[in-house]
Amino acid sequence: MKAIPSQRLLEISNLHKWFGETEVLKGVSFNVDRSEVICIIGKSGSGKSTLLRCINGLEIFQSGEILVKDKPVRCNDAVVLRALRQNVGMVFQSFNLFPTMTAGKNIMLAPKLVKHKTAFECHEIAKKLLKRVGLEDKFDSFPNELSGGQQQRVAIARALAMNPEIILCDEITSALDPELVGEVLRVIEDLVKDGVTLILVTHEMHFAKKVSDRVIFMHNGKVHEMGAPNEIFLSPQTQELKSFLSMTESIR
Amino acid sequence: MGEFSNWDVLRNLLLSVPWTLFLSAIAFVGGTAIGLLLLILRIWKPATVGLVISWYVQLFQGTPLLMQLFLTYFGLGLIGIQTTPLMAATLCLSLYSSAYLTETWHGCVVSIPRGQWDASASLALSLNEQLRYVIFPQALRLSIPPTVGLVVQIIKNTSLTSIIGFIELTRTGQIITNITLAPFFVYGLVALIYFAICFSCSTFGRALERKFSFQQ
């Protein structure tokens with residue numbers, strides 16, 4: 001399908017992270033190519049979210065290496081982080097829209113400050129992105145006037161506004177009422193179609209099966225199993241993955 | 001001293017109100033300037049800076065303003081630095097207010113949800129930009145009610161400057177009482193005037209709060 005040779009966007013090698021005495025990431029390694037969609041699954045406390053937060057420097061890590069477009073992530077270097085975060089967008093479980101700003105202003109803020117675009121350009125970007133997530137009429141709405149699903153779609157548009165190479169999604173549907181999950185996942189599906197590189201931590205197994213190129217099962221701070229969705233969901237190799245999958249089945 | 005009518009009492013008390021307001025303004029403006037500076041230093045935080053500031057706050061919160069005024073005015077005089085009551089009052093009231101204001105505002109900044117920092121950081125904003133565009137606007141809204149409360153405290157605390165010779169509202173009341181020998185009437189009026197000033201502040205604060213309110 002992909003005529004152009006795949007390009008490596010992200011390389012994680014032997015990543016270790018401690019919270020105080022507790023080791024939460026115990027040597028994580030994997031790579032992500034351009035336009036790949038990776039879903040990370042696993043029990044809570046397995047290190048999924050921490051791993052995601054390390055990739056854009058929201059968490060420091062003690063050893064190992066993360067390369068984004070061949071450039072190392074260095075958590076204590078503001079200049080490096082500013083460059084990195086223009087390449088790596090993030091969407092959060094609790095939306096985290098800025099409550100003092102309208103949806104439009106939420107999206108315009110970073111392009112204005114970081115990319116130094118003019119007010120007019122920012123306005124156009126925001127309008128275009130709101131349209132892309134199906135909220136073109138909500139430009140002037142404040143976050144508290146929007147439903148959870150709408151807020152999360154604005155948050156996705158806000159991340160897209162920086163035109164990042166990779167978007168990290170940290171359980172972005174977990175805080176939503178069940179009837180609102182679909183609208184957010186549809187936006188993500190559109191991004192997949194557009195070839196956006198995505199790394200999603202998710203509990204939506206059906207969705208993971210449907211959209212991902214590769215699924216990573218994290219267990220106890222390690223990549224326990226990794227493979228195509230069919231391999232992971234239909235023929236899990238390890239006992240831990242089997243029991244995790246049967247657990248999530250029984251919840252449904 | 002029969003020629004001191006009720007009207008004279010009220011007139012003299014009201015004439016001293018500008019001093020009370022002036023001292024309050026000094027305390028608030030000076031306290032805000034120093035308090036903001038300390039707040040920013042504390043957020044910028046090398047840990048030692050934070051420690052020094054928390055000791056500063058402890059020092060000014062843990063000692064009576066009356067002693068601070070006394071020690072500053074007479075103490076500086078003792079070691080040969082000439083001070084005027086206005087200088088000493090400006091210094092003390094500003095430092096004293098700044099300790100309370102910076103502590104309160106720091107609390108407001110800290111109570112902004114972690115997610116707001118994460119989201120603004122993940123959009124590549126610098127610390128300055130995070131503070132200016134995301135954190136402070138929210139903290140400002142949160143800070144209005146406690147700040148109004150502190151302002152009311154400051155207004156009442158300016159009465160303590162009488163110890164270094166300021167003839168503001170309370171001191172004027174004392175002097176008039178010495179003449180009229182009618183403390184209940186005079187101090188009653190003094191209390192009413194303080195109440196009127198503080199009540200207007202609180203009302204203004206509530207209006208400000210409504211204007212800036214947003215639900216989360």
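**Note on the predicted two-chain model**

1. In strand β9 of chain A, the residue Ile216(A) is the bridge partner of Ile40(A). The model under discussion is a predicted one. The strands concerned are β3 (residues 37–41) and β9 (residues 214–219) of chain A, which pair in the parallel sense over 4 bridges.

2. These two strands belong to an open sheet of 6 strands in chain A, ordered β6-β7-β8-β3-β9-β10, in which the pairing is mixed. The edges are taken by β6 (88–91) and β10 (222–227) of chain A; each has a single partner strand, so one side of each is left without a neighbour in the sheet. On average, neighbouring strands of this sheet are turned by 20 degrees against each other, direction ignored.

3. Chain A also holds an open sheet of 4 strands, in the order β2-β1-β4-β5, and here the pairing is antiparallel. Its edge strands are β2 (22–33) and β5 (71–72) of chain A, each of which pairs on one side only.

4. One residue pair may be inspected directly: His16(A) has Ser63(A), in β4(A), as its bridge partner.

5. Turning to chain B, helix α8 (residues 183–212) has 30 residues. At 1.5 Å a residue, this helix of chain B should span 44 Å; the C-alpha atoms at its ends are 43 Å apart, which agrees with that expectation.

6. Buried residues of α8(B) include Val186(B), Val190(B) and Tyr194(B). The packing partners of the buried residues of this helix are three helices of chain B, namely α1 (6–44), α6 (127–157) and α7 (169–180).

7. The two chains meet through 18 residues of chain B, which are in contact with 21 residues of chain A. On the chain B side, the elements that give two or more residues are α5 (114–122) and α6 of chain B. The largest share of that side, 6 residues, comes from α5(B). By class, the side of chain B that touches chain A comprises 9 nonpolar, 7 polar and 2 charged residues.

Key: Residues numbered from 1 in each chain as written. Chains lettered and ligands numbered in written order. Predicted model: local features only at pLDDT ≥ 70, side-chain atom pairs only at ≥ 80, totals over all residues. Expected span 1.5 Å × (residues − 1). Buried ≥ 20, exposed ≤ 12 C-beta atoms within 10 Å, placed from the backbone. Contact = placed C-beta atoms within 7 Å. Nonpolar A, V, L, I, M, F, W, Y, C, P; charged D, E, K, R; others polar. Pairing = 2+ DSSP bridges. Axes fitted to C-alpha atoms, helices over the stretch in contact; angles between N-to-C directions.
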